[in-house]
Amino acid sequence: MTELSVGDRAPDFDLETDTGRISLSGLKGKTVVLYFYPKDDTPGCTTEALDFSAARDDFAKAGAVVVGVSKDTAKKHGKFRAKHDLTVELGADPEGGMVESYGVWIEKTLYGRQYMGIDRATFVIDGEGVIRHIWRKVKVSGHAAQVLEVVRAL
């Protein structure tokens with residue numbers, strides 16, 4: 001898999017959510033903030049989801065929809081959203097096809113042990129399906145605000 005770059009067409013997706021389904025083609029015409037995170041209900045992932053949820057109205061005013069994606073199931077996403085009153089959509093990719101197509105399924109190292117996991121990454125996709133900005137190896141603190149600045153500048 002070649003790594004996606006700014007200016008590339010974003011791979012389409014159609015994922016189950018706890019409220020139905022979400023797809024890139026279904027969001028045509030809107031800016032999509034697609035953020036990948038490792039796992040529901042872990043500290044960094046919870047903070048990131050809360051930050052994006054808190055800014056949801058600001059993203060909406062800028063014409064953007066925020067979608068978080070992990071390999072957790074839609075049922076687990078529903079529990080995560082309910083527990084933390086999250087307002088962002090969470091797409092379930094338990095088979096990992098989407099995380100592969102976006103190049104965020106990577107080898108990681110923790111305490112000397114190597115394993116495969118999701119790279120915390122965010123993609124801003126314009127209304128025509130073209131990638132306009134990419135963050136890889138995201139640091140959670142302040143990230144949602146950085147993304148909002150980029151979306152407002154589109």
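I began with the class make-up of the largest pocket: its lining has eight nonpolar, one polar and three charged residues. I note that the model is predicted. I then looked up the volume of the largest pocket, which is about 160 Å³.

Next I listed the lining. Ile 22, Phe 52, Arg 56, Phe 59, Ala 60 and Ala 64 are among the residues that line the largest pocket. Val 65, Val 66, Arg 81, Thr 87, Val 88 and Glu 89 also line this pocket. I checked which elements give two or more residues to the lining: they are helix 2 (56–61) and strand 4 (64–70).

I moved on to a helix pair. The axes of helix 1 (residues 43–54) and helix 5 (residues 143–153) cross at roughly 40° and come within 8 Å. Angles under 35 degrees would count as roughly parallel, so I put helix 1 down as oblique to helix 5. The crossing of helix 1 past helix 5 is right-handed.

I also noted who makes the contact. Helix 1 brings Glu 48, Asp 51 and Phe 52. Helix 5 brings His 143, Ala 144 and Val 147. By class, I logged three nonpolar, one polar and two charged residues in the contact of helix 1 with helix 5.

Note on methods: Residues numbered from 1 in each chain as written. Predicted model: local features only at pLDDT ≥ 70, side-chain atom pairs only at ≥ 80, totals over all residues. Heavy atoms only, no water. 1 Å grid on protein atoms, 1.4 Å probe; cavity = no way out; pocket = protein on both sides within 12 Å on 5 of 7 lines; lining within 4 Å. Points joined across faces, edges and corners; volume = space filled by probe spheres on them. Helix = DSSP H or I, 4+ residues; strand = E, 2+ residues; numbered from the N terminus. Nonpolar A, V, L, I, M, F, W, Y, C, P; charged D, E, K, R; others polar. Axes fitted to C-alpha atoms, helices over the stretch in contact; angles between N-to-C directions. Parallel < 35°, antiparallel > 145°, perpendicular 65-115°, else oblique. Left-handed = near helix turned anticlockwise from the far one by under 90°. Contact = heavy atoms within 4.5 Å.
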